Structures are given as structure tokens and as C-alpha cells.
Amino acid sequence: EGKMVHTGDLLFTIKSDAPENQLRESQIVYDDAARNTNPSAPQLSQIHIQISYAKEKVDFDKKNLDRYKTLRVTNAVSEMDLEEKEISYKNSLSNLKALERSYKQTADELRLNARKSKSQVMDQLINKGYFSIKADKDGTVLNVFKKKGELVKTGDRIAQIASGETY
């Protein structure tokens, strides 16, 4: 009481472990989500390895198909054998494209999760701020209605500033 305060000065801090714990937990979730967006993260890395193998399979099947086309001209292989190689090549190509789509979709989902997690961290920072009461104008503290350790509920008067404003 009787203390001069300026706009933005911290007047009171309402003690509560909940906002700090929620902030800490949301930060952990965000850190994990952010790590998962890295191409070397396990989920993306696994798909990338599968894509590498699929590319090798496409190359192998393409070479085989080309060989069989050459052999078919001389009737060294049957039409059916050539068709099997064409189907094998098309399947390999289709599998590769599916894996590439899967990689993109997974990467997009992981980035979205990271953005959502970051938003939750920001929300928790805002919530944490609700437990700090600051002066919204210059003045002198006339009365303090709550003492340290007292329970404070929404709507309780905590202090009165010289301008007549009650916090």
C-alpha cells in the first residue's frame, strides 16, 4: 500500500502450478513433433529407404523389360514372358509413386502436427500470463484486499489504485 506503480508493472502473481506444468508438457510435445519433421526422423527415414529400394526395383525391372523386348524380336522369349516383365515394371513404377505420395503425405501431416503443437505452446504461454496481474495505468496503490497465501477467485478484488481502479 502507498507504492507508486506504472503501466505494465507486475502487481501480483497468483500461484498455480497447473499453467507451468501445462506449458512444460506442451513444449515437450512440440519439441517431439518438430524433431519428427526432420527428414532423418525415423518415420520419414523409413519411407525414404523404401523409396530407394523401389527406385532400384524400377531400374531393374526396366532393364529386364528392355532385354525381353530385344529377345522377343528374335522370338527367344514368348509374348507371355514379355507381358510378365511389362506388368512387373508397371507394378514397380506404381509402388514407387505410391511410396513418394506416402512420404509427402506423412511429411505434411508431421509438419501440421508441429504447427498445432507450437500453437498449443503459445496458448499455454497466454494462459500462464493470466496468473500475473499488472497495472494498466500509473497510480498509487491505496488498498490491498488480499494477503499472500489467500485464495483468489475470478472476480475477487485484489487491490485499489489511486485512480479509483480496482484490480
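In which helix is L82 found? L82 is found in helix α3, where helices (H or I, at least four residues) and strands (E, at least two) are DSSP runs numbered from the N terminus. Before we go on, this is a predicted model, so to speak of local features takes pLDDT of at least 70 and side-chain atom pairs count only at pLDDT 80 or more, while totals for chains, interfaces and linings use all residues. Residues are numbered from 1 along each chain as its sequence is written, and side-chain values use heavy atoms, leaving out hydrogens and water.

**Around L82**
- L82 is buried, with a relative accessible area of 8%; buried means under 20%, exposed over 50%, and partly exposed in between (1.4 Å probe, protein chains only).
- Not counting residues up to four places away in sequence, L82 touches L65, Y68, K69 and R72, a contact being heavy atoms within 4.5 Å.
- R67 and L82 are 15 residues apart along the chain, and their C-alpha atoms are separated by 9.3 Å.

**Nonpolar cores**
- The largest nonpolar core has 9 residues: I47, I51, A54, V58, L65, L82, Y89, L96 and L99. Such a core is a set of buried Ala, Val, Leu, Ile, Met, Phe, Trp, Tyr and Cys residues joined through side-chain atoms within 4.5 Å.
- Helices α2 (42-73) and α3 (79-129) each supply at least two residues of this core, and the largest share, 5 residues, comes from α2.
- V58 touches Y89, S92, L93 and L96, not counting residues up to four places away in sequence.

- An open sheet is formed by 3 strands in the order β1-β4-β5, with antiparallel pairing; two strands pair if DSSP finds at least two bridges between them.
- β1 (4-5) and β5 (159-161) are the edge strands, each pairing on one side only.
- β1 is joined to β4 (residues 139-144) by 2 bridges, and M4 stands opposite T140 in β4.

**The largest pocket**
- About 250 Å³ of space lies in the largest pocket. A pocket is an open set of points on a 1 Å grid over the protein atoms alone, where a 1.4 Å probe fits, with protein on both sides within 12 Å along at least five of seven lines; lining residues have an atom within 4 Å of a point. Points are joined across faces, edges and corners, and the volume is the space filled by probe spheres set on them.
- Its lining includes F12, K15, I133 and I158.
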